[in-house]
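Trainee: Could you show me how to read a few features of a structure? I'm new to this one.

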Amino acid sequence: MAAYKKLNIIIGWIVFGIAAFTYLSTIEPTASFWDCGEYIATSYKLEVGHPPGAPLFNMIARFFTLFGDKYHAAMLVNSMSALCSAATILFLFWSITMLAKKLYPKNKELSTGEIWAIMGAGAVGALAYTFTDSFWFSAVEGEVYAMSSMFTAAVFWCMLRWEQVADEPRADRWLILAFYLIGLSIGVHLLSLLTIPSMVFIYYFKRFKVTRKSFIITTIVSVFLLGFVQSFLIPWIVKLAGTFELFFVNVVHLPFNSGTIAYFALLVGGIVWGIRYTKAKNFAFANTAIISFACLVLGYSSFMVLIIRANANTPMNQNRPTDAIGLLSYLNRDQYGDWPLLYGPYYTAKLDPVHPYLDGSPLYAKDEKAGKYVIVDQRDKTKPNYDERYCTIFPRMYDGSEPSKVAAYKRWGHIKDRKYLIDRGGGQYDSIEKPTFGDNMTYFWNYQIWHMYARYFMWNFVGKQNDAEGFGNKVDGNWLSGIGPIDDMRLGDQNRVPKVMKENKARNEMYFLPLILGLLGLWYHYKKSKEDMWVILLLFFFTGLAIILFLNQKPIEPRERDYAYVGSFYAFAIWIGLGVLAIFDFLRKKTDDKKGAVIATVVCLLAVPCIMAKAEWNDHDRSNRRTALALAKNYLNSCAPNAILFTHGDNDTFPLWYAQEVEGVRTDVRVIVLSYFNIDWYIDQMKHKEYESEPVPIKIPSEKYRGGTRDYLPIVDKGMKGYFPISEVVTFMTNDDDASKLEMGNGKMMNYVPTRKISIPVNKEAVLRNGTVPANMADRIEPVILWDLTGNYITKSSLMIMDIIANNNWERPIYFGSTGGSEAYLNLNPYFQQEGYAYRLVPIKNKQQEMAIAPARVNTTIMYDNVMNKFDWGNMDRHDVYIDNYIANQVGANERMAIASLSQALINENKKDSAIAVLDKGMKMVPAWNVPLDDRITFTLCVEYYQAGAIDKGNALAKQLFDLYEDRLRYFRTFHGDDVDDMLRSEIQISERILKGLVEMSAEYKQDALRQNFEPRFRNLGIE
């Protein structure tokens, strides 16, 4: 037994070492895209990030950053994720060996062969999970999922450890430790809560006799306990603190925080009394339960850090949770809204004709002058109340806010428009349109179960087609096995797959081997121990399909969501490990135990972890990729000093936050993310000086945008002639007199926009003095900007932009990020000037030909210097750097767009040598072999080479483009019938258009040899 323990420890740490080496070798050296930049920034200075927060993650990450300077902070946080992931693998190894050991008789000593087979099972299962696509992705970046997985693995291991020693004295310490870890994990992510049903059954199988009745009761108890902890315990600990605080301050008139102190004093006192009482009465179970609860609360207390740091008024202080009331709103993610689960509307739902809106809970805020909490938003008539006729149980298709989502619901649910006559009484009928419950369940199966879970599962254990985001067509983001006949049947003739798709590093083929070994392990586990199999099955279900049920995902997600289900893949990896024992048990009948153990282990190691590592390594190696930081620097360095920069979403904002907060890049630029600019606390923060950035010139008082006030304002053009000064329009929209409001259908009065025609005065001397307009363009300065609003309403963020413009008086440069659209630009783009990655608002109206490529006129002097001398390209030109599909489409394509805009402007100014230099720079730094040529801009680059006189370079690029799209078109045409959906049909049309354009271009620029090459190939394709 001692030898087994020693071997178990040694091999476990060897497996840990392999995982740690893998992840540390492939971590990104700086911040990654999505939330990583924000998490690293908030950790570095212990700031308050987006709800519901991750304070424990922030504190541990901050500890890691102490071992280096600010330029290595991201790498150190990423290293923390790598080590947490390696620890997850360690706990997985030990969990598998514990479960495997239970499959052999307790009263019989293990043979040497059995010991090595168990070790082999642990190694194969743990290493298989090490190299899974989704887990590896999170292991090499500074996000919460790696640490969350570690806590989940540790909690599950603690329960198995408790079961192992349950009959020994003090065994319940493992239960207590498990609950403490759950409490701590809440400060990272809620994933470990999903182990609770498995924990309950481990306890049940160990302590109680299994009967049908008790099994059903335990199932109900396990689900109830999970719901109790997640939906009651976690929020109500804080909610009760808020209730006490309101009572003590507003009713008893005691100082702020007195209610919170009293509440926690009662909570701690109650816990202490409960522990002492149950110990005195020898209520062992109750005593353990209370101590476990206390430890959970102790771990959960990491959230107090958020209140401390919020009161320190850190530069990033999202939701500003300075007290118990603010913390509750923060934890509840109020700003993100909610979604229906058990009952709710279909996407076609209309509001109830009698009571269209219901009252929401009032929003309180601290009023220092009044010495109490005041209601800043009554939230009267703010919750939509839907007509019951449009509602259903288990609603899966509920969001009709965007036509694209409605179309996606219909596509995934195979829905045909249907209308029903509903008796309204009195011989009157309403004709309504809504899906059937069958449509609802079809969508649930096709999209939520299969597309958003099973597809990810197959990615990890069968193989992956590519890293393009999948929307249900045959060419993007599907699972792929590497077995020709199977893949051909599902995804078209794989021999016709274009070269660029075959060479995609994310094309991973694992030939079903991990899946087969896992299913073999599942069957073997069921045969040997149904109870343990049920425990793992619960873990598999609650960390996978149960998340699907809870999230109720809408179609058209902004990114793939496979990282959310890694707990489920962890459970399946346990069965992969146990599959080794199934093979061992078969082999031991043919040969001796030792030989059978070695053969089973070696064969399974080669067939599963080794194949997975070989397939996955190249597309998970981020060791030299710096694109997110490069993007951030380029955005910030595109701006003049003391600029205001409006950004639009996660990936043109979070990297910038990282660059400013951690590395101190261009802290004079004030970054304002428009998706937050509808929220009062964020607007308030913009009024303060941060680092070298002066306060943003917002003059609207806070009470006029607090809570839901002026969330949106309808545009009601009163037909007044002429343009109206922007300051007067803002004043009108923020006037609280009823004369400046409209009466809405719910009986409320609402401010509105009285005109579409707005003027912005221009101080010519000021714009020339501060460099907004160079002296050589003084004659193009407009005396006043005449601006027409579009759409039916403006949002609070638009109101704030208008207020800033009205008060700025052209003193500070104002920029809009280049990744927005016309709606985000508020139709100001006729006055945009491009200087890099951002568009500057200037008092010069652009000519139509100046905006041929981008929605802006290019300042070639500034932008040429930025592109040629200042921009960072993030190592996109290195062969050892993998540029995934997202980066290629969002970063690479935008960089090429900037190159095209600048080179076209230089050509227009007859600076052809400079244009060629810019084009060459773009093709060198964003090479086609790393960022595939695209239809959006590469054609334009070809034309620009010709226009600049670089004929040979234009021809070479045109040939590359023709080869690429000819290859793509031939592949797309192998699909027929229902396989050709709207997206694939669009791809076919794009390919045909590009090829036709290349033929015409070769003729236009008199490239006869090129045209003679293209034309017969074009005719053979049969394009009309």
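**A hairpin, a helix pair and a cavity**

Mentor: Start with the hairpin of β3 and β4: 4 residues lie between the strands, and G371 takes a positive phi near 70 degrees. Strands here are DSSP runs of E, at least two residues long, and helices are runs of H or I of at least four, numbered from the N terminus. This is a predicted model, where local features need pLDDT of at least 70 and side-chain atom pairs 80 or more, while totals for chains, interfaces and linings use all residues. Residues are numbered from 1 along each chain, and side-chain values use heavy atoms, without hydrogens and water.

Trainee: How many bridges join β3 to β4?

Mentor: Two strands pair if DSSP finds at least two bridges between them. Here 5 bridges join β3 (residues 363–367) to β4 (residues 372–377), and the strands run antiparallel.

Trainee: At what angle do helices α33 and α35 pack?

Mentor: Axes are lines fitted to C-alpha atoms, for helices over the stretch in contact, and angles run from 0 to 180 degrees between N-to-C directions. α33 (residues 938–948) and α35 (residues 982–1004) pack at about 5 degrees, their axes 11 Å apart. The pair is therefore roughly parallel, a label for angles under 35 degrees. Contact, meaning heavy atoms within 4.5 Å, involves F939, C942, V943 and Y946 of α33 with I994, G997, L998 and M1001 of α35.

Trainee: Which element gives the largest share of the largest cavity's lining?

Mentor: That's α26, with 4 residues.

How values were computed:
Angles under 35 degrees count as roughly parallel, over 145 as roughly antiparallel, 65 to 115 as roughly perpendicular and the rest as oblique.
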